[in-house]
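These are my notebook entries on a single structure. I record below what I looked up, entry by entry.

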Amino acid sequence: MKSKIKGPLVDDLFKAILSLKTLEECYAFFEDICTINEVQSLAQRLEVAKMLEAKKTYTEISEETGASTATISRVNRALQYGADGYKIVLERLKQQ
């Protein structure tokens, strides 16, 4: 896979994330590395992706999540034409 973000610093970040073992460790790390708004934006995008996969309308998604149509469109574009990261995660979450 050819990534637009690949590099040694991003490799280190992803290795750090992969080293986390519990939900509590994730909370601690992400509270330190991100702002509250950044974490909430990431969580919102994941929820938007779940809702798009469930065939919800933009209006339903916006009303339920507070996401802008621009955010919904960006997530939809990633689902349709992206690197399949959302698809991998959504499939794994369904299996849990």
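In which segment is Ile5 found? I located Ile5 in the segment before helix 1, which spans 8-19. I note at the outset that the model is predicted.

Entry on the surface at Ile5. I looked up the accessibility of Ile5 and found a relative accessible area of 52%. Ile5 is therefore exposed, the cut-off being over 50%. I then looked for a nonpolar surface patch and found one of about 350 Å², made by Ile5, Leu13, Phe14 and Ile33.

Entry on Leu23. I placed Leu23 in helix 2, residues 23-33.

Entry on helix packing. I examined helix 3 (residues 36-53) against helix 5 (residues 69-81) and found that they pack at an angle of about 65°, their axes lying 9 Å apart. The crossing of helix 3 past helix 5 is right-handed. On the helix 3 side, I listed Gln44, Arg45, Val48, Ala49, Leu52 and Glu53 as making the contact. On the helix 5 side, I listed Thr71, Ile72, Arg74, Val75, Asn76 and Leu79.

Entry on Thr71. Is Thr71 buried or exposed? I found Thr71, a residue of helix 5, at 11% relative accessibility; it counts as buried because the limit is under 20%. Setting aside neighbours within four places in sequence, I recorded Gln44 and Arg45 as contacts of Thr71.

How values were computed:
Residues numbered from 1 in each chain as written. Predicted model: local features only at pLDDT ≥ 70, side-chain atom pairs only at ≥ 80, totals over all residues. Heavy atoms only, no water. Patch = residues over 30% accessible without salt bridge, like charges linked within 9 Å, V, L, I, M, F, W, Y side chains within 5 Å. Areas by Shrake-Rupley, 256 points an atom, 1.4 Å probe, with all protein chains shown as cover. Salt bridge = Lys/Arg side-chain N within 4 Å of Asp/Glu carboxyl O. Helix = DSSP H or I, 4+ residues; strand = E, 2+ residues; numbered from the N terminus. Buried < 20%, exposed > 50% of the residue type's maximum accessible area, 1.4 Å probe, protein only. Axes fitted to C-alpha atoms, helices over the stretch in contact; angles between N-to-C directions. Left-handed = near helix turned anticlockwise from the far one by under 90°. Contact = heavy atoms within 4.5 Å.
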